[in-house]
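Okay, hi everyone, thanks for letting me go first.

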Amino acid sequence: MMMIDRRLFQEIDWVLLGLVLLQALIGVFFIYSSSHFLAGGYHVRQLIWIGVSLIVLIFVLAIDYKFFVALAPYFYVMVVAVLTATLVFARFVAGTKSWITLGLMQLQPAEPAKIVMILVFARFFAEYKSAYVRSSRTLGALLIAGAPLLLIILQPDLGTAMTFLAVIGGAFILAGLRKKTIALLVVAALVAGIGGWNLALKDYQKRRVTTLVNPQGDPRGSGYQVIQSKIAIGSGGLAGRGFMKGTQSQLRFLPARHTDFIFSVIGEEAGFLGVFIVIALYLALLARMFLSVSHARDRAGVYIIFTASLLIAFQFLVNILMIIGLFPVVGITLPFLSYGGSSLLTSFVACGLVLNVKMRRFANV
Amino acid sequence: MPEERIYEDLTLVRRRARTVFWIVAGLVLLALSYYWKVQVLDHAKYLKLAEANRTRVRPLAAPRGLILDRNDVILADNRASFKVSIVRESVTDPAASFTAVSRLLGLDEKTLRERVDLHKDLPLFEPIVIADGLGSDAIVPIESRRREFRELVIEAEPQRFYPKGSRAAHVLGYLQERTPEEVRSGSAAARAGEMVGRTGVESQYDAILRGDDGSVVEVVDSLGRVQNEQGHNFPVQGGTVKLTIDDRLQALAEEALEDREGVVVALNPRNGEILALASHPTYDPNRFITRFTPAEWSQLITDPLSPLENRAIRGLYAPGSIFKLVMALGGLDGGYVTPATTVYCSGATEIYGALRHCWFAPGHGSMDLVDAIKNSCNIYFYQLGRRMGIEPIAAAAGRLGLGRRTGIDLSGEKEGLVPNTQWKKNALGQVWYPGETISIAIGQGQLQVTPMQIAALTARVAMKGREFHTPHLFLSPPDAGGPESGGAVPFKASAFESVIAGMWKSANDGGTGQGARVEGFDVCGKTGSTQVMSRESAARLAQAGREVKTHSWFSGFAPRDNPRIVVTVLVEFGGGGGATAAPVAGKIFAKYRETEAK
């Protein structure tokens with residue numbers, strides 16, 4: 001089963017894989033630029049993570065996605081267990097309990113949970129053939145998604161929780177929502193939103209939202225990141241200030257330079273041209289991923305391709321809006337480019353699933 | 001049945017998936033257009049913000065200009081001093097840091113906190129001055145422990161230094177640090193911790209003395225830590241201010257007061273140049289530079305004797321018998337008396353139903369105006385006052401510069417007061433009583449003058465009203481001429497001759513001013529002893545627990561025919577003017593003559 005047969009090997013979408021690797025390498029350059037003055041060799045570590053992610057991706061390709069879909073319930077139970085354990089055992093880091101330490105490695109269990117949700121939804125909707133989803137199904141899907149989502153909200157990791165919601169919403173869109181259901185969900189979202197604002201959101205999270213409206217309100221506090229990021233991007237101009245020459249990133253005015261705000265570094269040092277190129281490459285990648293739905297041989301495949309693509313697309317969109325002040329700072333990374341092993345691995349596996357479905361379009365099982 | 005086919009019908013879900021992609025793509029393009037706006041359209045704005053972020057301008061203090069006396073003796077100089085500032089950003093544990101720093105600097109911890117709190121609005125990376133004026137010996141122990149105190153910044157700075165201590169302190173004035181309000185609201189040139197002139201010449205000519213601060217443009221990181229230097233403008237020292245003061249006369253004037261509260265003013269009536277201006281008690285302006293402790297400061301400003309006040313321009317006193325000069329000029333000029341008019345003094349007389357005494361109980365006998373001035377006879381001037389009435393008296397005083405500022409180049413000068421009917425009606429809502437005129441006639445009542453006004457008045461008399469020059473401290477180049485001069489005083493020349501004759505006799509012919517006599521220098525003068533004191537003076541007196549004595553005046557000039565110096569002396573509670581003030585003036589006249597001879 002581990003062997004990939006020759007015919008399948010030819011079916012791999014090399015263009016998609018190439019785009020992924022290209023993005024990841026661009027990321028390494030700017031990780032270097034924004035962290036070379038720090039100890040830790042982040043660019044080297046990122047390269048190692050790219051290698052690891054590639055190996056995992058090959059592993060994912062080797063196994064028919066149907067097998068993963070079949071195992072989805074087990075993965076689901078495991079993920080819920082690990083998320084629960086994280087809440088119990090993890091220490092607070094920067095106000096959240098989202099990291100667990102395994103030996104030398106630090107992992108964010110919420111990241112693999114995203115992949116598991118892709119498989120769970122694929123399984124849940126695979127045999128569902130109606131044009132529109134019924135309320136009972138909706139409720140079922142919400143209950144399934146609810147457990148891990150709640151555990152992530154409790155960490156609290158607002159960014160990942162939002163990404164989760166996007167994936168869930170995407171699955172519903174695909175399954176087909178009636179107007180009545182949409183109305184119901186909107187009301188539910190409003191109630192959850194208002195209730196969440198007043199009851200669940202921590203003060204720092206509320207500040208992030210109010211900061212979006214008025215970043216100058218608290219320039220030294222939560223508004224600081226957005227202001228500095230916008231200054232970095234704006235000062236880049238058309239052609240950028242040059243590789244490793246951005247004052248905002250080199251003099252550390254920019255927060256989380258090599259992680260969440262890596263795109264600000266690109267904006268500052270490579271200018272609008274750099275921004276344009278990265279966004280164009282990204283759109284090409286997303287098109288390649290989304291439009292692969294035409295090559296899925298079954299419903300589960302369509303769901304996998306769609307939710308995996310949406311996972312990447314949502315994080316990309318939120319990240320590029322967030323760093324320029326059009327969205328609250330919620331701690332969502334830029335897939336493939338931001339520094340971070342868990343995030344990189346998840347993104348690669350998501351792509352791996354898309355490739356997996358696409359290369360097995362003619363497989364007769 | 002379609003469901004039986006190998007490939008199920010996925011058209012619907014595929015279409016939905018594609019739709020979502022196009023929505024995502026549309027949103028991304030919208031985002032890209034916003035990036036265009038921020039990066040290309042608003043580029044200049046953000047570039048400026050980025051530059052402001054990374055560069056910090058650190059001002060380099062310019063040394064203040066020198067202040068010299070007329071013979072180039074340095075009165076205000078600069079010396080290197082070290083300044084210790086604290087950068088709150090680098091403080092990890094404020095409590096421990098304050099304790100350690102206060103011990104290191106030998107400062108009271110509370111004082112240290114107060115100094116820091118005064119500037120708490122400044123950004124955290126801005127250094128706040130906590131100790132300065134430190135000499136190199138004081139800085140060595142601090143410098144040697146730099147590594148333990150990363151929050152401290154040590155800088156060397158030029159600092160104002162007054163080599164002669166309190167000499168001419170009221171002329172020079174003092175400096176104080178700009179307040180945070182001034183820094184915030186002031187011009188761009190304002191620099192935190194900058195010392196600016198608050199009083200005296202330091203304040204009046206601050207624009208000349210200040211110089212241009214230099215600056216270093218530093219590149220800093222997000223913590224405000226300096227990465228490197230981008231530009232360096234060296235500071236330019238302020239311009240030199242040369243004063244009309246003669247340090248030798250100034251020294252003598254201060255010495256001659258012998259620790260009594262009082263004023264000595266010496267000026268040149270030909271051009272208004274002030275040769276000496278002493279006001280006692282005084283202070284050491286160096287103490288303003290090295291900072292007071294709050295206790296020292298509050299002691300200084302609550303001192304009942306007000307050492308910070310320049311009594312020469314801010315002290316208000318009744319002129320006493322000095323005012324008889326005004327009476328004589330007004331009386332002669334208005335034809336109320338002639339030089340030949342005589343009055344008999346029996347020691348007392350009854351005017352408007354009240355018995356008025358002369359200061360000389362046995363009486364002066366019959367005398368004319370010249371002798372009345374020489375003897376400072378009250379009876380003569382009572383009679384003159386009765387003849388004149390208040391309005392002509394007030395007019396004469398006004399024409400001689402009383403009741404308004406002399407215009408000296410020092411700020412805070414007071415106007416004094418020449419009362420008349422209209423004033424009393426406006427200020428007190430009462431009618432003028434003729435009896436009050438009689439008090440005014442001998443310089444008492446509500447009359448208030450500053451010693452500088454009396455010096456200026458004496459200068460007018462010395463020059464016989466022909467010319468008058470505003471008293472001033474800034475020595476102009478010889479060809480530039482002095483500050484604008486008041487015009488001639490329109491009194492008859494003969495009136496001046498009589499008054500001067502009386503003043504000459506006062507000093508040289510057994511009059512009240514003979515203490516000021518200098519052999520061969522033809523001193524002319526007038527004494528005064530004020531029986532009344534202003535309300536403030538009375539309060540001050542009570543606080544100081546003094547026995548009540550009259551203020552002692554002398555004002556005169558020399559020599560009679562070619563006057564070159566006017567000396568005005570006031571000694572608070574000095575007793576009779578002839579006994580106390582005149583000898584002080586005599587010393588100044590003698591010293592002047594001696595320096596002139598050299």
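So, where is the place of B:Pro281? It sits in the loop between β12 and α11 (286-289) of chain B. The bond joining B:His280 and B:Pro281 is a cis peptide bond, with omega about 5 degrees. There's another one: B:Ala558 and B:Pro559 are joined by a cis peptide bond too, with omega about -15 degrees. B:Pro559 lies in the loop between β18 (551-558) and β19 (565-571) of chain B.

Some housekeeping before we go on. This is a predicted model, so local features need pLDDT of at least 70 and side-chain atom pairs count only at pLDDT 80 or more, while totals for chains, interfaces and linings use all residues. Residues are numbered from 1 along each chain as its sequence is written, and chains are lettered from A and ligands numbered from 1 in the order in which they are written. And when I say helix or strand, I mean DSSP runs numbered from the N terminus: H or I of at least four residues for helices, E of at least two for strands.

Let's stay with β12. An open sheet of five strands in chain B has the order β12-β11-β19-β18-β17, and the pairing is antiparallel. Strands pair if DSSP finds at least two bridges between them. The edge strands, pairing on one side only, are β12 (274-280) and β17 (524-530) of chain B. From one strand to the next, the twist averages 5 degrees. Strand β11 (residues 262-267) of chain B is joined to β12(B) by six bridges, and B:Leu267 has B:Ile274 as its bridge partner in β12(B). Lying across β11 and β12 of chain B is helix α10 (residues 247-256), which runs at about 30 degrees to β12(B). Angles here go from 0 to 180 degrees between N-to-C directions, and axes are lines fitted to C-alpha atoms, for helices over the stretch in contact.

Over to chain A, which has 14 helices and two strands. Of its 365 residues, 49% count as buried; that takes 20 or more other C-beta atoms within 10 Å of a residue's own, while 12 or fewer is exposed and in between is partly exposed, with C-beta atoms placed from the backbone.

How do two of those helices pack? Helix α5 (residues 110-126) and helix α7 (residues 158-175) of chain A meet at an angle of about 15 degrees, with axes 11 Å apart. Among the residues making the contact are A:Phe121 of α5(A) and A:Val167 of α7(A); contact means C-beta atoms, placed from the backbone, within 7 Å.

Most residues other than glycine have a negative phi, and most peptide bonds are trans. A:Phe336 isn't a glycine, yet has a positive phi of about 75 degrees. Is A:Phe336 buried or exposed? A:Phe336 counts as buried, because there are 29 C-beta neighbours inside 10 Å. B:Asp72 also has a positive phi, about 65 degrees, without being a glycine. With 10 C-beta neighbours inside 10 Å, though, B:Asp72 counts as exposed. You'll find B:Asp72 in the loop between β2 (67-68) and β3 (74-87) of chain B.

That's me done, thanks!

Definitions and conventions
Contact = placed C-beta atoms within 7 Å.
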